[in-house]
Each structure stands twice: as structure tokens, then as C-alpha cells.
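Visitor: Please take a close look at one part of this structure. I would like a single connected account of the part and its surroundings.

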Amino acid sequence: MTTSRPPLPPFTEETARRKVQLAEDAWNTRDPHKVALAYTEDSEWRNRDVFLKGRDEIVAFLTGKWERELDYRLRKELWAWTGDRIAVRFEYEYHDAEGQWYRAYGNENWEFDGSGLMRRRYASINDLPIGADDRRIAA
């Protein structure tokens, strides 16, 4: 049986905004297993130059990400939506083990199945080193 993850497509502005907020909230838990449940079993990802397929690869990727990107905090903003697709812009901040802070900027394109699970996620991301005093996203 397929798990339903409302809101479901086709999206309205209200339901698309809700979907984006739910994604932001989940990613800010930094729990790879929780985050992966929002994706189909065979979900396809492109994250920068990394291509993933399926929840197991998503969990492994996110586990490594949050081991390297410490004190990660994310903000997402709805950019566009139609039918079963949503586009977002985002930024997040983190620091590495040496204490260098970064702000990452990017865009994501999402496609959902009928049960509201994300079947495709394509992310383009750029990192910018910042000073600790330049942080904008509070923990």
C-alpha cells in the first residue's frame, strides 16, 4: 500500500506553499530517515553533481551531508507550481569541522506522484563562504 503525503497534486498556491513548508521543516530535523519518507521508493535525484536513485541512496547521501554540514539550517521559498510540479528557491547555512561558515543558494525542481510523494528532485546549488557574523538563519 502506498503512503499518502498530503497535500496532494494537483497543487494550488496554498497547497504548494504548504508542501514547501513541510519540506523545510523535515530537512531542518536533519533526520535522513524522516526526510527520505517524503520520496518514492525509486525517487530520482540530482544534487549538484551527484545522481541518486531510491530511498536507500537518499538516506546515505543525507547522512554524509549532515555529518559534514554542521548546524545546518534551511529556508525554502515557493517559486512556481503547476499540476504535480513545484519549483523552489532556497538558502541554507552550515559550518564545517574547522568552523568555517557557508551559505548555500539554490533552486530545486520537484515532481510528485498522485499520493504526494516526490518522485523527482533536481537541485542546483552554490556555496559561499561567510563569516559567523554574516549568518542570517538563526538556529
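Guide: A tryptophan and its strands

W101 lies in strand β5, residues 101-112. Strands here are DSSP runs of E, at least two residues long, while helices are runs of H or I with at least four; both are numbered from the N terminus. This is a predicted model, where local features need pLDDT of at least 70, side-chain atom pairs count only at pLDDT 80 or more, and totals for chains, interfaces and linings use all residues. Residues are numbered from 1 along each chain as its sequence is written, and side-chain values use heavy atoms, with hydrogens and water left out.

W101 is buried, at 10% relative accessible area. Buried means under 20%, exposed over 50%, and partly exposed in between, with a 1.4 Å probe and protein chains only.

Who surrounds W101? Its contacts (heavy atoms within 4.5 Å) include E93, Y94 and H95, and also L128, P129 and I130; residues up to four places away in sequence are not counted. P129 is 28 residues away in sequence, yet the C-alpha atoms of W101 and P129 are 5.9 Å apart.

Now the neighbouring strand. β4 and β5 run antiparallel, joined by 11 bridges; two strands pair if DSSP finds at least two bridges between them. Y94 has Y102 in β5 as its bridge partner. The β4-β5 hairpin has 5 residues between its strands, and G99 in the turn has a positive phi of about 95°.

β4 also pairs with β3, residues 70-82, through 10 bridges, again antiparallel. There A80 stands opposite A87 of β4. This hairpin has 2 residues between the strands, with G83 at a positive phi near 50°.
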